[in-house]
Amino acid sequence: MTKKGILFISLLTCMIALPMAMNAQCKQFAKNTCKASLDPYQHDGNYHAALLIEGEEAELYKTFYSDREYRIGVCGANNLEAVEFKIVDTRNGKVLYDNSLNDYDWKWDFNLESSQQLKIMVKVPVPETNVDEPQEGCVAIMFGSRDD
Amino acid sequence: MNRKPLLFGRIFLLLFLMLGMILTGCNLGKKSEGEGSWDFEASGTLDTETQEQLNTAKRIFYALPSPLETAMLIKNAGAAYNEELMNPVSNSSKYITSKSKALNLGIYSTDLSYASLFDQSQATLDYVGAAKEMADGLNILDAINEETVTQLEEQINNRDAIIDIISETLMNSSSFLKENDLEGTASVVLVGGWIEGLYIATNLVNEHDLEDNKLVERIVDQKLSLDIMINLLESSPEDADAQAVLEDVKALKTIFDKITIDQGEVTAVEDPETNVTTLKSESSIKITNRVFTELKTKVIEIRNSYIS
């Protein structure tokens with residue numbers, strides 16, 4: 001095989017392997033860090049995680065049921081600034097919780113008097129420094145619940 | 001001097017170093033020192049132009065109740081255990097297409113969760129076998145492996161441990177499908193599990209006892225997830241299985257639209273001692289016997305088409 005051929009295969013391997021490795025790490029991060037921290041709430045088995053870039057936003061829609069206690073965890077990789085999240089009533093956009101008013105706490109524990117569809121709005125903040133080289137990292141949104 | 005071995009050596013050394021940088025740079029497996037401090041770091045930077053483009057597009061996730069959550073809701077509503085309502089494991093050999101395997105992975109996962117929450121040891125083991133067969137058929141690597149089955153057998157009398165194992169297998173399946181761009185299949189699995197939950201719940205309700213019935217409330221609450229489910233399935237337009245299932249969900253929506261849920265404004269009140277917030281609101285539901293029967297009939301029709 002020629003030098004060029006070997007270099008081409010090497011680059012191709014890297015291009016394929018890198019995203020796969022990043023995704024696999026995202027799953028490990030969600031499992032080892034975020035899911036583990038839901039305790040004593042029981043994780044529901046759903047997986048919502050993605051590689052986000054500083055400044056990027058995400059939204060998640062989910063129905064939460066009365067007579068259950070929930071923990072929402074929004075976990076960001078440690079190369080990112082503390083991830084911001086808000087919980088919003090999907091019917092009227094009313095903000096029910098904003099973690100920026102609670103020292104950017106990664107979790108929120110709550111229960112409901114009646115079942116509701118809620119929206120979780122997530123933002124990876126852009127740090128004031130190093131804006132020319134935005135970082136990318138895993139962000140996981142996970143849920144745990146238990147009987148009320 | 002032959003330089004080829006040297007060249008190969010350098011390239012493999014380069015690849016090895018890159019792999020090492022990916023893995024060690026991410027600090028995998030290290031324990032977090034406290035809540036909110038994360039031990040993972042992904043390397044990689046993007047230029048400002050890419051950043052600006054990405055800022056205009058939001059990632060949107062639609063979360064459906066997982067098979068485990070569905071089973072928890074049924075049990076929490078005071079429902080009974082009825083094995084006759086579950087899809088017999090003997091049916092597992094019938095499922096040949098990817099659609100039937102995905103639907104029945106969801107269905108068997110709900111049955112598995114339902115059995116385990118009611119401490120049904122033998123059924124739990126039987127249904128994990130059926131779910132494994134479906135996952136293997138979809139080439140979902142290691143979602144449910146022999147180790148999982150052994151762990152279940154060892155912990156069969158420890159309900160919390162069993163639930164943890166089931167949660168782990170569901171997460172493995174879901175993450176595998178999403179990471180391999182099989183979002184449509186992941187959605188079909190969830191719809192299968194959700195339909196099974198609706199089938200079990202509607203069949204456990206006495207149709208003449210709809211008032212102040214917790215299980216009926218849980219069934220009606222599913223109306224709140226219908227638009228999430230439709231959006232989720234519509235986000236995989238290229239997936240024929242997801243689009244076929246979407247038609248079933250839309251047919252159910254026309255019936256759910258006949259049910260009324262009146263909800264007042266939600267107010268968040270935090271308990272300063274426990275830091276737990278209560279979302280206070282008033283809500284009332286209205287469902288007639290006729291609509292309930294229509295819903296139950298449709299659910300039976302769809303579910304039976306999935307398991308046949």
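Predicted model: local features only at pLDDT ≥ 70, side-chain atom pairs only at ≥ 80, totals over all residues.
In which sense do strand β3 (residues 57-64) of chain A and β1(B) pair? The close-ups below take this up, starting with chain A as a whole.

View 1. Residues are numbered from 1 along each chain as its sequence is written, and chains are lettered from A and ligands numbered from 1 in the order in which they are written. Chain A holds 1 helix and 9 strands (DSSP runs, numbered from the N terminus: H or I of at least four residues for helices, E of at least two for strands).

**View 2. The sheet that includes a strand of chain B.** Here β3(A) and β1(B) run parallel, joined by 5 bridges (strands pair if DSSP finds at least two bridges between them). Across this pairing, Leu60(A) faces Phe61(B). The open sheet has 5 strands with mixed pairing, in the order β6(A)-β5(A)-β8(A)-β3(A)-β1(B). At its edges lie β6 (95-98) of chain A and β1 (59-63) of chain B, each pairing on one side only.

**View 3. Strand β4 of chain A and its partners.** In β4 (residues 68-76), 7 of the 9 residues are buried (20 or more other C-beta atoms within 10 Å of the residue's own, with C-beta atoms placed from the backbone). Strand β9 (residues 136-147) runs antiparallel to β4(A) over 9 bridges, with Cys75(A) opposite Ala140(A). Strand β7 (residues 107-112) is also antiparallel to β4(A), through 5 bridges; there, Arg71(A) has Asp109(A) as its bridge partner.

Key. Buried ≥ 20, exposed ≤ 12 C-beta atoms within 10 Å, placed from the backbone.
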